[in-house]
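Dear colleague,

Please find below the structure that I am handing over to you. My notes on what was found in it follow directly after.

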Amino acid sequence: MENLTFVENILIFIALNAAALLSLNIKKVGKQIAYGLSLIAAVTFFCMLYQRDVFTLSELFTLDGNKVLLLKLVSLLNVLMILINGWTSLEKVRSTMLISYMFMGGVFLLGANELITFYVAMETIALVGYALVATSDLENSREAAVKYLIQGSVVSVIFLLGAAFYLGATGGLSLVGATVANQELYAIALGIFILTACFKLGAFPFHAWIADVYSNVTLGNLAVNFFISKIIIGFKFITLLQVLLLECDPHFKDILIRIVQVIAVMSAFYGNIIGIVQGQFKRIIAYSSVAHTGYMLMMICMNPDELLEKQLISYLVIYSMTATGVILILNQFAQLNENKDSSDILKSGFYRNKGLAIILSVCVLSLGGIPLTSGFAMKYMMFTNFFKEGFNIETTSIFISSVIGLAYYIRFVSDLFTENEEKMKLPTIKTRFSESLVHAIILLSIFTFGIAPSLFLGLK
Amino acid sequence: MDQLFIIKFLIPLLWAIGFVMAPKQNEKAIKLFALIGSFVVLAYSIKMYADLPDPGQLTELFKFDMPLFFNLTYTFAMDGLSGLLLILNAFLLVMVVIATWEIKTDKLRLYYFLIFSLIWAVNGSLLATSIYGFYIFWEAMLIPLFILVGVFGGENRRYASFKFFLMTAGGSILMLAAMCYMSAMAYKLNGSYDLNYEVIKSLNLRYSGFWSPQSLVFWAFSIAFFLKVPVFPFHSWLPDAHVEAPTAGSILLAGILLKLGIYGFLRFVIPVYPQAVDAYRDIILYLGAIGIIYGALTAWVQKDIKKLVAFSSISHMGFIIMGVFSQNPFAVKGAIFQMVAHGISTPGLFIGVHYLYTRTHTKKMEMYGGLAKVMPRFAVLFFLITAGSMAVPMTCGFVGEFMVIAGTYEINKVVAILAATGIMLSPIYLLKMYHLTALGELHHEENKSLSDISVLEAAPMIVLSVLTILLGLYPKLVTGMFEGTINFFTHSGL
């Protein structure tokens, strides 16, 4: 493997997944073979990442520094997600393969150095996203997928328009070392890229798809959305916009930064306020995600810096892992309830599986930013950075919004410890080994990042 | 530095973990383990105070660098004030264990685990002198109490625990915002996020009106502490929490947790933001006075005895906040004394309410009446504690409230006069409570067969009654413990 080039590794990854897809047609053992092949592909790719620190295809594609670090983390999460998905049903194996393709899109997005590669990679992720929603087999999945597809397509077209403006402004599509000839066009292009980022990440007011999609997708697929869409798209857009804003005329830059800040604060407030009144826990997660996108977007307003990149990675990974943990545990609780989406599935959860209830409480408290959890360390790091940059009003506003957000996080914990006779009669929740493994990893990461954040990713 | 500090400090936590591993079936052994633990905690708290070379100065007990946590330094230190509250905390633990000895629950291990964890977190807050350490323990306190109320509380425990957690944690987030802001400033200044006293002082946060940094940071901290105390109008969680909390929760909440808000002001606000304190002193004094009157009037109209005690707490805490912000040394001393006095009388009232409730299964005062006839021992002890709470001369309540009013009078006469009306109101509602409970005819048939409190049950009430009188007659026993620190809390102690 050491002698294989990056391209060969990618091809192996694609070939194994294609073989997995084909082997689904084999009777009886088809899904096991497909699952095995997908798993091998993911593990092989993960191992490949440790061979070198830089992967370059051409000027169009480079993976280096923090991008490789991020990819290693996402790749590990990908392997874990495949493990937890299991091979018990055809749907799960199918979504495992879709995840692999989404992951591939993520790899290309991360390394993209020019707008066409960027666009193709982004669309690959989006297409798989539509498919994951559509194949979720829930009551309104297809309707949600169509809505998502239509809105996504409109944004894709707008992004292409932005690319055209960018071409007009810089005379090329390269994202590295471009010389800006026309500042007006450049500012319009950046504005459109910001809009695309807001849509893809689900920021207010471009969040219309997020609640529908989240509530009509299976929890496993929802988890995937977190660790691939949020982490990779979030990281790529934020770091890219940071760099592109450097070349922007100060006047336009100021306007664009102001717009981002307004969107960030509005997202934080909107997500947290609307999250409280939701009845379905998937929708609560959706709006919590809108709020967290707000926190994240503020990073666009800061100057690019390697340390900041590491901090962004740590925030994205930790947030996504914790949210994934919440989703996976909710999934376990939901399975034995009649209405799987109802927000009362957690009632008396503590009496049905103490371990799971405690892990879920820890995850939720971490998302709420309680000290000694990763959520606190990340929040502290991020907000201190914002204050350092002088964004005092914006940061204070986001802080205030997070007070509102605490309400729905605490509701989860409160439900778990509520004694509800009807719910207590439900059978004890069993946990598979792979699920326990993932829980252990998430718990470990929450506490290690919470207690020793500086140990990772150069945080000081 | 105390080499054994960490071991001493971790004792309540280790004890809490011990409950997790204790055998579930042997209730008596678990209770005995809790009792021993409570006395151990009390003993080492007293020893730690006794070992202080000078209670008037902060003595560093332990310091450790956290290179892995943003390169911060955690310092644990103690002076007369923190030592006093540490002892009060441990003392209340003993009271809780004894007063709830007969508790019937199938989650006994969880119950004691939560109580000991809570005590540990309170100790951590009292000893931390870096803002981060304080904040971490401050937040850590919320979780055990949240679960204690949520699991062992009354009918509406879910709502009460939710509201308590949300409001206090919400306040904490504002404190965190202020900390992040100061950290960012510290980083610009020193290249480090650390926020110990020296660093905070070197930040020199500018004060030039409401929107200036010192003012905003002051209010962020103050709102967090107002919510904890709680000061009117930030009090709405307290009556619910008290009413729904199990007795242990109510005792610890009233006895020590509310005082943490005041302690926060004394340790991290008053010495650090002198200009803002001066600028907003009158506003806070008025809030304190309003709290005194509002709490008293609201207590007056309550029919639920626990709610009455809860509102009386709001009234009493008004005196403390007033004394602390008057910045008059006599009043500050009185306020700190009142913290201890309230930490004795209100837990005593809650213990009394617990005994009433376990016998009558109601908290409605109209369902009591004439209980002195069937529970004379209880009636006498309950009266002594009630007298302490209503600030009868020669009881601890009187000393603190008198000192606060006298000291505040020198600063703001109107506020002092308003507060004095509180002293007049407290006998009204507390005597009404006592009258409806113990005096009069024994109207309710079912109450005629009530048994008086046992010797074990009487023990905590006897101790609290004795302290009520003793501290009323000889307040120096407490004031002498923290006297040297007053200067730190009245002037810019840094």
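B:Leu418 is partly exposed, at 31% relative accessible area (buried means under 20% relative accessible area, exposed over 50%, and partly exposed in between, with a 1.4 Å probe and protein chains only). This residue belongs to helix α17 of chain B, residues 413-438 (helices are DSSP runs of H or I of at least four residues, strands runs of E of at least two, numbered from the N terminus). Apart from neighbours within four places in sequence, B:Leu418 is in contact with B:Tyr286, B:Ala289 and B:Ile293 (contact means heavy atoms within 4.5 Å).

The model is a predicted one, in which local features need pLDDT of at least 70 and side-chain atom pairs count only at pLDDT 80 or more, while totals for chains, interfaces and linings use all residues. Residues are numbered from 1 along each chain as its sequence is written, chains are lettered from A and ligands numbered from 1 in the order in which they are written, and side-chain values use heavy atoms, with hydrogens and water left out.

The interface comes next. Here 37 residues of chain A are in contact with 35 residues of chain B. Together the two chains bury about 3400 Å², 76% of it on carbon and sulfur atoms (buried area is the accessible area, with a 1.4 Å probe, that two parts lose on being put together, summed over both). One salt bridge is counted between chain A and chain B (a side-chain nitrogen of Lys or Arg within 4 Å of a carboxyl oxygen of Asp or Glu). The side chains of A:Asp415 and B:Arg158 form a salt bridge, at 2.0 Å from N to O. On the side of chain A that touches chain B, two or more residues each come from α15 (374-388), α16 (392-417) and α18 (433-451) of chain A. Of these, α16(A) gives the most, with 13 residues.

Some backbone features also deserve a look. In chain B, a cis peptide bond joins B:Val229 and B:Pro230, with omega about -15 degrees, and the bond from B:Phe232 to B:Pro233 is also cis, with omega near 0 degrees. B:Pro230 is in the loop between α8 (213-228) and α9 (237-244) of chain B, and B:Pro233 lies in the loop between α8 and α9 of chain B. B:Ala391 is not a glycine, although its phi is positive, at about 65 degrees; B:Ala391 counts as buried, at 6% relative accessibility.

Yours sincerely
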